[in-house]
Amino acid sequence: MKNIKLGRESGIVAALIMMVIVFSLIDPIYLSSNNIVDIVKQSTINGLLGVGITLAIITGGIDLSIGSTFAIVIVSVGKLLVSGVNPFLAFTIGIILGFSLGLVNGILVAKVKLQPFIATLGTMSIYRGVAYIITGGWPILDIPEGFRHALDGDIFGFIPSSVLLLFIVGILMWIILKYTRFGNYIYALGSNEEATKLSGVNVDFNKMLAYAFCGIGAALAGMVLLARLGTGEPTAGQGYELNAIAAAAVGGTSLMGGKGTMLGTILGTILLSALRVGLIVVGVDSFWQYIATGIIIVIAACFEIIQNKISSIKVSRLSKA
């Protein structure tokens, strides 16, 4: 399994290098330092969303509500900041809010036994409605500069703080997945939930915790966008769940559950960002970005099917031997 994961991640790196070479040959500005920083910076929001949703997908589930969770956190934290609440306290409340909204999804899936697609499709609409109710449909303006600089400023003059946040969160989630019981349990959940339950694992608790972490990822992404734009829009995050799912799928996370890595998801996010920026640099209409993203998702799904077939053939040969 580790060799397969390593092969997938190496393949993403190879595809990224090839993409950089092609776009650079078409337009050398693609390789400029400002453009490279822009690619990585644009990866932060989808990356944070992707890191969160990877946990839910590994369990064999999905979370379609992360874009709406994103919106609730944006408008709630925005209102707190504008009313004079300390930025650190507002940030902490945003994390708690994201955790809580994710936990609601986890309860619906684990305790109420709803299908993840149906449960999060419902909360996607509910949460979006709540975001509109909080603001009355109007954007929240004049976000304090201190908050904006903390989450989307530059460290040492050239490292975007949002990029640093993405890599810190990615490393923490990697440690959790690789070195904790919780990480082992959610892989086991996605591979065979019934066998995991029979082995004595608290399946419901671990599934709810996975969705709660997913909510934290959405909250962090929302607050980065709030800092970046300086306004809180209740419409923010629409369609972002598809970008997050795409990043995870491209990075090797199986949509059937039981397989995936944080490194793969982050690399997948950077690959998609590099593609979008490259299309813009070479003058391709932005509408083609959707088609390109869709094609990459389909290719990633096909690649997964091919990998599974190869693995099955190898296992069959070993058993015969």
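Contact here means heavy atoms within 4.5 Å. The model is predicted, and on that criterion Glu 9, leaving aside its neighbours within four places in sequence, touches Thr 261, Leu 263, Gly 264 and Leu 267. Glu 9 belongs to helix H1, which covers residues 2-26. Its relative accessible area is 11%, and because the cut-off for buried is under 20%, Glu 9 counts as buried.

Helix H7 runs over residues 161-179. At 1.5 Å a residue, its 19 residues should span 27 Å, and the end C-alpha atoms are 27 Å apart, so the two values agree. An α-helix has 3.6 residues a turn, so residues three or four places apart point the same way. The buried residues of H7 include Leu 166, Val 169, Gly 170, Met 173, Ile 176 and Leu 177.

Next come the aromatic rings. A pair of them is described by the distance of the centres and the angle of the planes. The structure holds four aromatic pairs. One of these joins Trp 174 and Tyr 179, with 5.6 Å centre to centre and 85° between the planes, an edge-to-face arrangement. Trp 174 is partly exposed at a relative accessible area of 37%, while Tyr 179 is exposed at 55%.

Phe 182 and Phe 213 form a tilted pair, because their planes are at 45° with the ring centres 5.7 Å apart. This pair links distant parts of the chain: Phe 182 sits in helix H8 (residues 181-191) and Phe 213 in helix H10 (residues 203-229), 31 residues apart. Both Phe 182 and Phe 213 are buried.

How values were computed. Residues numbered from 1 in each chain as written. Predicted model: local features only at pLDDT ≥ 70, side-chain atom pairs only at ≥ 80, totals over all residues. Heavy atoms only, no water. Helix = DSSP H or I, 4+ residues; strand = E, 2+ residues; numbered from the N terminus. Buried < 20%, exposed > 50% of the residue type's maximum accessible area, 1.4 Å probe, protein only. Expected span 1.5 Å × (residues − 1). Phe/Tyr/Trp six-rings, centres within 6.5 Å; stacked < 30°, edge-to-face > 60°.
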